[in-house]
Amino acid sequence: MTTLATTASWDAWLRTRSAVRTARDMQRSDNSRHALFDLASNDYLGLSSHPRVRQAAISALNCLGTGATASRVASGTWQIHRELEAELSRYTGRSQALVFSSGYCANLGLLGALGGPGSLMLLDAHAHASLIDGARLSGAGTARFEHNNLDDARAKLHANAQSPAPKPRVVVVVESVYSVLGDAAPLQQLAELCAQYNALLLIDEAHSLATVPAGSAVNAAGLAQAENVLVTATLSKALGAQGGAVLFGGSRAELWREHLLNTARTFIFDTALAPAAAAAAHAALELATGERIAGLAANALMIRRVLNAEENLAGRVEQAPGAVQSVRMKSPQQALLAAALLREHGIAVSCFRPPSVPDGISRLRLAAHAQQDPAELAAALKVVARTISDVES
C-alpha cells in the first residue's frame, strides 16, 4: 500500500510540474541534429568535423580505447592529457593547466576548491548556471552584482571589507564573453578592482577561447600571468571536442594546480576525459589560428549587419566580440514560434527565454561559424529576418 501511494504521489508531482512548464511556455525538447543550416551549435570554427581533428581522435581511440578507465588521480591520466594541458597553457599564455571531463565540471571543481565558510563568491548577474551551481555547492557565502557594473561590484567588495566579520577569501566570478547576450566583461578593470581588495578574479572563457583575435580574452587583456586571476574554459565549443580545463598563471600557478588536483571533487571522483576527446582538442588547438578566427569574426559581423539593416530588426542585434549574436524578441511565444518556423525552413537557431535568460528578455541566439560560405550565410539571414517579421506582424 505504501509503495502504491508513493508511486501515485510521484506521478501526480511529475504531471503537475509538466503542466506548470506548459502553462509558462517553458517546455524544452532535445532537438536532434538534421541537415540544417547551422546558426545554433557551438562549433564556432567548424573543427568538430575537420579531418585532422577526426584523425587524432581515431588514432587515440585505436591506441588507447574508448575511455580513460579511471579518475585522473587513480590510473586515468594518459600522456595525451599532459600534452593537452601543455598545449592549452601555450595557446592561452598561462603557465599550468588541469583538464576535466567537461567545462561544467571544471567550474564546479574550481569553485568547490575555493569555497568553504571563510569564502565569499561575488557573481556577475549573467553568470552561467555552472558558475552559479559551483558557488552554491562550495559552502561559501554568495552574492550577485549587476551585470558588467564595476561600481556595484566595488560596492559589494567594500561592504565585505567593512563588515564586522569580513570573509577573508573573496572570489569575483565572471565570463569573458557571455553566453546569451554575447557581450564582453571589462576584464582589465575587474582585475584591477579585485587586486585592490585582495580578491581572486575567476574568468570563464567558454565563449572566448579560440573565438577572439588573440585566441584568449584573458591573454588579450594582458592578464595571462596575473597573480589574482584564475581561468576556466571548455573544449567543446570553438575546439569542437569535449572536456574542460582550469588554467593558472603567475608565480603560484603550480601551487594552484596542486591544490585543485587534491581538492576538486569533480576531478578526483570523476572518470578522466576520454583519450580520444583529449586528442581531438589537442589537434583543434593547433588549427585554431588567426585566419580561422578572422573568418569567424567576418561572419559574426555579417550577422549583425544583415539583420540590423532590416527595418523591423534595426538596432536589435548588439555588437558582440565573439561568435554569439543575440536578437531581442518581443515575447517568449514569438521567440519559440520563430525558432520552430526557421527549423521548418532548414535553419537551426537557438531560442532563449525565461528563466534561461538572465535579464528576462527572450532572444534568438545566432552563432557565427568560420567555415560557412558568406553568400549562403547572407541568404539564410534573409530568411531569418523575414521569419521574425512574419511572426511579429
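I take axes as lines fitted to C-alpha atoms, for helices over the stretch in contact, and angles run from 0 to 180 degrees between N-to-C directions. Helices (H or I, at least four residues) and strands (E, at least two) are DSSP runs, numbered from the N terminus.

This is a predicted model, so I keep to its limits: local features need pLDDT of at least 70, side-chain atom pairs count only at pLDDT 80 or more, and totals for chains, interfaces and linings use all residues. Residues are numbered from 1 along each chain as its sequence is written, and side-chain values use heavy atoms, with hydrogens and water left out.

**Entry 1: a helix pair**

I looked up helix 4 (residues 103-114) against helix 9 (residues 253-263). Their axes lie 10 Å apart and the packing angle is about 100°. The two helices are therefore roughly perpendicular to each other. That label covers 65 to 115 degrees; under 35 counts as roughly parallel, over 145 as roughly antiparallel, and the rest as oblique.

Which residues of helix 4 and helix 9 meet? From helix 4 I noted Leu 110, Ala 113 and Leu 114; from helix 9, Trp 256, His 259, Leu 260 and Thr 263. Contact here means heavy atoms within 4.5 Å. I sorted the residues of this contact: five are nonpolar, two polar and none charged. For the sorting, Ala, Val, Leu, Ile, Met, Phe, Trp, Tyr, Cys and Pro count as nonpolar, Asp, Glu, Lys and Arg as charged, and the others, Gly among them, as polar.

Two strands pair if DSSP finds at least two bridges between them.

I checked strand 7 (residues 229-234) with strand 8 (residues 244-248). They pair in the antiparallel sense over five bridges. Thr 232 has Val 246 in strand 8 as its bridge partner.

Then I followed strand 3 (residues 119-124) to strand 4 (residues 141-145). They run parallel, joined by five bridges. Between them the chain passes through helix 5 (residues 129-137), and this β-α-β crossover is right-handed. Right-handed means that, with the strands pointing away from the viewer, the path from the first strand over the helix to the second runs clockwise. In this pair, Leu 123 stands opposite Arg 144 in strand 4.

I found an open sheet of four strands in the order 1-10-11-9, with mixed pairing.

Strand 1 and strand 10 run parallel, with three bridges between them. Asp 38 has Ala 348 in strand 10 as its bridge partner. Helix 12 (residues 290-308) lies across strand 1, strand 9 and strand 11, running at about 20° to strand 9. Helix 14 (residues 374-392) packs on the sheet and touches strand 1, strand 9, strand 10 and strand 11; its direction makes about 70° with that of strand 1.

**Entry 2: backbone and exposure**

I checked some backbone angles. The peptide bond from Pro 354 to Pro 355 is cis, with omega near 5°. Pro 355 sits in the loop between strand 10 (347-352) and strand 11 (363-367).

Thr 69 is not a glycine, yet its phi is positive, near 75°. It is in the loop between helix 2 (51-64) and helix 3 (79-92). Ala 210 also has a positive phi, about 65°, although it is not a glycine. Its loop runs between strand 6 (200-204) and helix 8 (217-220).

Is Thr 69 buried or exposed? Thr 69 is exposed, with a relative accessible area of 64%. Ala 210 counts as buried, at 0%. Buried means under 20% relative accessible area, exposed over 50%, partly exposed in between (1.4 Å probe, protein chains only).
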